[in-house]
Amino acid sequence: MMREWATVVSWHNGVATLHSEMKTSCSGCSARKGCGSHMLNKLGPKNAHVMKIASAEPLAPGQRIELGIEEKSLLSSALLVYMTPLLGLFIVAGLFQMLFHSDLAAAAGALLGGIGGFIIAKGISGYLGKSASFHPVILSVALPPDALRVETD
């Protein structure tokens, strides 16, 4: 189980809006220039990801919760996202090369196959996203920020 801490932004009618910070190890890693995760994080929000998750227990803003997602779900999602466009690229490029006997046709087929693979991956991910195993679950809930008070003399 992959675990991550998030902060509650709001809770309304059984749905919690969460704010999850990006790992600080990303900025200190020496493999940043060749890392896909670092490049994707640069495209999105700079330091945070906002998500909504169902929670029957009322949560207070500022409260920390631990989320978890199965490794199997994470790995199968990554396999779908990376391999479907790659397979589409190779299959359609090979098919166009076989039919038209031209490198230009093979390049056009590779482009079409890659784009088609992305479209197929998006459709499959929408279908898989409805499965409960692909959603994060709440593993533990920390105390609300106002539950503890420390007094010093």
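This is a predicted model: local features need pLDDT of at least 70, side-chain atom pairs count only at pLDDT 80 or more; totals for chains, interfaces and linings use all residues.
I read off phi for Asn-13. It is positive, about 55°, although Asn-13 is not a glycine. I noted this since most residues other than glycine have a negative phi. Then I checked the surface. Asn-13 has 66% relative accessibility, so it counts as exposed.

I found a second case in His-101. Its phi is near 50°, again positive in a residue other than glycine. His-101 has its place in the loop between H3 and H4. Is His-101 buried or exposed? His-101 has 65% relative accessibility, so it counts as exposed.

**Entry: the overall plan**

I stepped back to look at the chain. I counted four helices and five strands. Starting from the N terminus, I wrote their order as β-β-α-α-β-β-α-α-β. The chain has 153 residues, and 22% of them count as buried.

**Entry: the salt bridge**

How many salt bridges are there? I got a count of one. The partners are the side chains of Arg-3 and Glu-66, with 3.4 Å from N to O. This pair links distant parts of the chain, 63 residues apart. Arg-3 sits in strand S1, residues 2-12, and Glu-66 sits in strand S4, residues 64-69.

I compared the surroundings of the two ends. Arg-3 has a relative accessible area of 53%, which is over the 50% cut-off, so Arg-3 is exposed. Glu-66 has 13%, which is under the 20% cut-off, so Glu-66 is buried.

**Entry: the nonpolar core**

Which residues make up the largest nonpolar core? I listed eight: Ala-6, Val-8, Ala-16, Leu-18, Ile-53, Leu-59, Ile-65 and Leu-67. The elements giving two or more residues to this core are S1, strand S2 (15-21) and S4.

I picked Ala-16 and traced its contacts, leaving aside neighbours within four places in sequence. Ala-16 is in contact with Ser-10, Trp-11, Met-51, Lys-52, Ile-53, Ser-55 and Leu-59. Two of these names, Ile-53 and Leu-59, were already on my core list.

**Entry: two buried serines**

Ser-55 came up as a contact of Ala-16, and I followed it. Ser-55 is in the loop between strand S3 (48-54) and S4. Its relative accessible area is 5%, so Ser-55 is buried. What does its side chain reach? A polar atom of that side chain lies 2.9 Å from the backbone oxygen of Glu-57. Leaving aside neighbours within four places, Ser-55 is in contact with Trp-11, Gly-14, Val-15, Ala-16 and Ile-138.

Next I looked at Ser-73, which has its place in helix H3. Ser-73 has 4% relative accessibility, so it counts as buried. Not counting residues up to four places away in sequence, Ser-73 touches Ser-133 and Phe-134. Its side chain reaches the backbone oxygen of Ser-133 at 2.6 Å. I also took one C-alpha distance. Ser-73 and Met-1 are 72 residues apart along the chain, and their C-alpha atoms are separated by 9.7 Å.

I searched the whole structure for aromatic pairs and found one. The rings belong to Phe-96 and Phe-100, with centres 5.6 Å apart. Why is this pair edge-to-face? The planes stand at 75°, and over 60 degrees counts as edge-to-face. Both residues lie in helix H3, residues 71-100. They are four residues apart, about one turn of the helix. Phe-96 is partly exposed, with a relative accessible area of 21%.

**Entry: helix H4**

My last stop was H4, residues 103-128. This helix has 26 residues and reaches 36 Å from its first C-alpha to its last. That is close to the 38 Å expected at 1.5 Å a residue. At the start of H4, a side-chain oxygen of Ser-102 comes to within 3.2 Å of the backbone nitrogen of Leu-104.

Which residues of H4 are buried? I noted Ala-105, Ala-106, Gly-109, Ala-110, Gly-113, Gly-114, Gly-117 and Ala-121. What covers the buried residues of H4 includes H3.

Conventions: Residues are numbered from 1 along each chain as its sequence is written. Side-chain values use heavy atoms; hydrogens and water are left out. A salt bridge is a side-chain nitrogen of Lys or Arg within 4 Å of a carboxyl oxygen of Asp or Glu. Buried means under 20% relative accessible area, exposed over 50%, partly exposed in between (1.4 Å probe, protein chains only). Rings of Phe, Tyr and Trp (its six-membered ring) pair if their centres lie within 6.5 Å; planes under 30 degrees apart count as stacked, over 60 as edge-to-face and the rest as tilted. A nonpolar core is a set of buried Ala, Val, Leu, Ile, Met, Phe, Trp, Tyr and Cys residues joined through side-chain atoms within 4.5 Å. Contact means heavy atoms within 4.5 Å. The expected span of a helix is 1.5 Å times one less than its number of residues. A polar contact is a pair of N or O atoms within 3.5 Å; within protein, one must be able to donate a hydrogen and the other to accept it, and residues adjacent in sequence count only if both atoms are side-chain atoms.
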